[in-house]
Amino acid sequence: MSKQILLSFALFQPNDRETKFFVAGLLWITRTESLISYFERFGVIVNANVVCDGATQRSKRFGFVTFREAESATRACENPNHVIDGRTVNCKIAYLGARIHNNQPNQYGF
């Protein structure tokens, strides 16, 4: 692949750090299509998926949505609580939730 093609490809890839956000507390009936139909009002979605941590109806479900522009993700997270499929869910920019702060102890107390 030429450098020009790689450069063009890199320019059109979303920066997941600023455009991807986490959706917690989804109902077991929520599917990826529900996430897309709800969040497309904030901007163009390039990727969305629902993840389940088990195979039963009581398993916890969460999702990730990636927008094309960082402004869309920011708008979607201005109000962290949204109602999808009749349930209030919590949203936050994914990389902000994953950061570990140096001044807070981890699970081992240091």
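Let me begin with Asn49, which is found in strand β2; strands here are DSSP runs of E of at least two residues, helices are runs of H or I of at least four, and both are numbered from the N terminus. Asn49 counts as partly exposed because its relative accessibility is 32%, where buried means under 20% relative accessible area, exposed over 50%, and partly exposed in between, with a 1.4 Å probe and protein chains only. Leaving aside residues up to four places away in sequence, Asn49 touches Thr32, Leu35, Phe62, Gly63 and Phe64, a contact being heavy atoms within 4.5 Å. Asn49 and Ser34 are 15 residues apart in sequence, and their C-alpha atoms are 9.8 Å apart in space.

A word on the basis of these values. This is a predicted model, in which local features need pLDDT of at least 70 and side-chain atom pairs count only at pLDDT 80 or more, while totals for chains, interfaces and linings use all residues. Residues are numbered from 1 along each chain as its sequence is written, and side-chain values use heavy atoms, with hydrogens and water left out.

Now the overall arrangement. The protein has 5 helices and 5 strands, and along the sequence they follow the pattern α-α-β-α-β-β-α-β-β-α. Of its 110 residues, 27% count as buried. Among contacts between residues at least 6 apart in sequence, 62% join residues at least 24 apart. The protein exposes about 7,800 Å², and carbon and sulfur atoms supply 52% of that area; the areas come from the Shrake-Rupley method with a 1.4 Å probe, and for residues only the protein chains shown count as cover.

I turn to the strand pairing. Strands pair if DSSP finds at least two bridges between them. Strand β1, residues 20-26, pairs in the antiparallel sense with strand β3, residues 61-67, over 6 bridges. Within that pairing, Lys20 has Thr66 of β3 as its bridge partner. β1 also pairs in the antiparallel sense with strand β5, residues 87-93, over 4 bridges; there, Phe21 stands opposite Ile93.

Rings of Phe, Tyr and Trp, the last by its six-membered ring, pair if their centres lie within 6.5 Å; planes under 30 degrees apart count as stacked, over 60 as edge-to-face, and the rest as tilted. By this rule there are 8 aromatic pairs. Tyr38 and Phe39 form an edge-to-face pair, because their ring centres are 4.8 Å apart and their planes stand at 85°. Tyr38 and Phe42 form a tilted pair, at 6.5 Å centre to centre and 55° between the planes. Ring pairs link Phe21, Tyr38, Phe39, Phe42 and Phe67 into a cluster.

Phe42 lies in the loop between α3, residues 32-39, and β2, residues 45-52. Beyond residues up to four places away in sequence, Phe42 touches Phe67, Ser72, Arg75, Ala76 and His82. Phe42 and Phe67 are 25 residues apart in sequence and 8.7 Å apart in space, C-alpha to C-alpha.

Finally, two helices. Which residues of α3 are buried? They are Ser34, Leu35, Tyr38 and Phe39. Seen down the axis of α3, these buried residues fall within an arc of 110°, so they line one face of the helix; the arc is that of the directions from the helix axis to the C-beta atoms. Their cover includes β1, β2, β3, α4 (70-78), β4 (81-84) and β5.

In α4, the buried residues are Ala70, Ser72, Ala73, Ala76 and Cys77. They fall within an arc of 160° seen down the axis of α4, and so they line one face of the helix. On the other side of α4, Glu71 and Glu78 are exposed. What covers the buried residues of α4 includes α2 (16-19), β1, α3, β3, β4 and β5.
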